[in-house]
Amino acid sequence: MHYNWDWGVFFHSTGIGSEIYLDWFVKGLGWTIALSLAGWVIALLLGTVLGVMRTLPGKVLPRIAAVYVEIFRNIPLLVQLFVWYFIVPDLLPEGLQTWFKQDLNPATSAFISVVLCLGLFTAARVCEQVRTGIQALPKGQTNAAYALGLRIPQIYKEVLLPQAFRIIIPPLTSEFLNIFKNSSVASLIGLMELLAQTKQTAEFTANLFEAFTLATIIYFVLNMGLMLFMRWVEKRVRVPGLIALGGK
Amino acid sequence: MISIKNVSKWYGDFQVLTDCTTEVSKGEVVVVCGPSGSGKSTLIKCVNGLEPFQSGDIIVDGISVGSPKTDLPKLRSRVGMVFQHFELFPHLSITDNLALAQIKVLGRKEDEAKKKGLALLDRVGLSAHAAKFPGQLSGGQQQRVAIARALAMDPIAMLFDEPTSALDPEMINEVLDVMVQLAHEGMTMMCVTHEMGFARKVANRVIFMDKGAIVEDANKDEFFGSPRSERAQAFLSKILQH
Ligand SMILES: Nc1ncnc2c1ncn2[C@@H]1O[C@H](COP(=O)(O)OP(=O)(O)OP(=O)(O)O)[C@@H](O)[C@H]1O
Ligand SMILES: [Mg+2]
């Protein structure tokens, strides 16, 4: 196969104002990061609440969290996105509906749908990690905390979660990376994140290989950056004298 | 101070405690012993409501542990407990281990709590280790910190569940010394332990449990002199052999 690589293509004008193709990638990257970070905040908060619920005494709350996980983990992400984007807005009360469908910029309403979708989907996965982390701690830790007179919210906040999170940093890191990959579903409802911009550049310029190579490099650098960041977090919270928490 | 009245407990069909009745008065040291699986840990955990029981009641300082109206966390904050595996919080420094419940449960100011913690750490001979983490201490040191952590709450009584049985032999005495000192200071103590030397030295009474029941509840001298039940005799001769 003979292919004329032309890396200069990214600096060609797109024909829209003074925009060059590289600008599309920058914009796309911006959306990808915004989607992923916003989704991750929801996933981490909701996932932690659900993970705690799964380990609480009693029957009702653990059951609710378990049902949530079953639903959100087993329905394909794309199906969930279409539900959030096409079906849920129709179920909203009148005022909210017109606001979402007409007043909002289409990119913004797509953004909201994708963030909710990614956040709630990933929350189910974070929930299971948090639950595993809590259950890996020796039962005696909870007993010792109870024996000191701490109440259940304090026990989770001061004793169980700080230890559980340290244990689950590695699997949480991969969930964090996954949300960046999954954010590309946004391109299917017309949100111009990184993958969508890449496809568009490829179509406009016919420099398909250059466009996808650049996208690959960007995703790779993003991943490496996140991984290094999480390693740094892991090191920062490492407890002296402790090789592996939990177990026993 | 602690009054256990006809307590029975089941795990499903399996009865762990059978009609246990005994009393620990103020300033008294009571040692609980018995074979593995006889329900010693379960009984002592019932005293501060860590384990629920189905019948009977336990009264601690006038408060019923079994009553659903009792504020259990509040009651627990007044009764110290020391565990076999220390159960210090590994992610907190020794100082923070000592201060956490003082601040969160008793509402003490941080500097006040830390000062109190340091004083108790000094008392168990570990003030040089305040800034370390539990994983950096030996088992004996961790257990002494655990005792200090319980004492920091100014407990009205202390419960011990085999505090030395997870320790290497050379560390047992440093922990027992702290417990003996506590006993001499008049602390009310209920100790599950097989350290008969400790029992001989400071116990007022010895309770012997077997298969979930209190088989023998006797004055120390009576217990070591002439245990009434055969099972207690057999247990004693086995444990005193080595
Ligand atoms: N959660 C539980 N479910 C069912 N059975 C239990 C449970 N916890 C304890 N048991 C049983 O209850 C009995 C008493 O246990 P307990 O831990 O109180 O004994 P122990 O006298 O403290 O023994 P050891 O000297 O080994 O610590 C044992 O037969 C044990 O198997
Ligand atoms: Mg036991």
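The model is a predicted one. Chain A consists of 10 helices and 0 strands, and the area it buries together with chain B is about 2,100 Å². The largest nonpolar core holds 87 residues, and a second, separate core holds 50 residues.

**Architecture of chain A**

- The order of elements from the N terminus is α-α-α-α-α-α-α-α-α-α, in keeping with the count of 10 helices and 0 strands.
- Along the principal axes, the C-alpha atoms of chain A occupy a box of roughly 70 × 50 × 30 Å.
- Of the 248 residues in chain A, 44% are buried.
- When contacts in chain A between residues at least 6 apart in sequence are considered, 74% of them connect residues at least 24 apart.

**Interface between chain A and chain B**

- Chain A contributes 24 residues to the contact, and chain B contributes 26 residues.
- Carbon and sulfur atoms supply 65% of the buried area of about 2,100 Å².
- There are 2 salt bridges between the two chains. One of the salt bridges between chain A and chain B pairs E158(A) with K104(B), with 3.3 Å between the closest N and O atoms.
- Polar contacts between chain A and chain B number 6 residue pairs, with both residues at pLDDT 80 or more.
- On the side of chain A that touches chain B, the elements giving two or more residues are α6 (139-147) and α7 (152-167) of chain A.
- By class, that side of chain A comprises 12 nonpolar, 7 polar and 5 charged residues.

**Nonpolar cores**

- Within the largest nonpolar core, of 87 residues, the residues with the most contacts are I4(B), I58(B) and M190(B).
- Helix α5 (residues 106-135) of chain A provides the largest share of this core, namely 14 residues.
- The second, separate core, of 50 residues, has among its members A150(B), M187(B), F224(B) and I239(B).
- Leaving aside residues up to four places away in sequence, I58(B) touches a set of residues that includes I2(B), I4(B), V7(B), C46(B), V47(B), F53(B), I63(B) and V65(B).

**Helix α1 of chain B**

- Helix α1 (residues 40-47) of chain B is mostly covered, with 7 of its 8 residues buried.
- Those buried residues are K40(B), T42(B), L43(B), I44(B), K45(B), C46(B) and V47(B). Two of them, C46(B) and V47(B), are touched by I58(B).
- After α1(B) comes G49(B), which has a positive phi, near 70°.

Definitions and conventions
Residues numbered from 1 in each chain as written. Chains lettered and ligands numbered in written order. Predicted model: local features only at pLDDT ≥ 70, side-chain atom pairs only at ≥ 80, totals over all residues. Heavy atoms only, no water. Contact = heavy atoms within 4.5 Å. Buried area = accessible area lost by both parts, 1.4 Å probe. Salt bridge = Lys/Arg side-chain N within 4 Å of Asp/Glu carboxyl O. Polar contact = N/O pair within 3.5 Å; in protein donor to acceptor, adjacent residues only side chain to side chain. Helix = DSSP H or I, 4+ residues; strand = E, 2+ residues; numbered from the N terminus. Nonpolar A, V, L, I, M, F, W, Y, C, P; charged D, E, K, R; others polar. Core = buried A, V, L, I, M, F, W, Y, C linked by side-chain atoms within 4.5 Å. Buried < 20%, exposed > 50% of the residue type's maximum accessible area, 1.4 Å probe, protein only.
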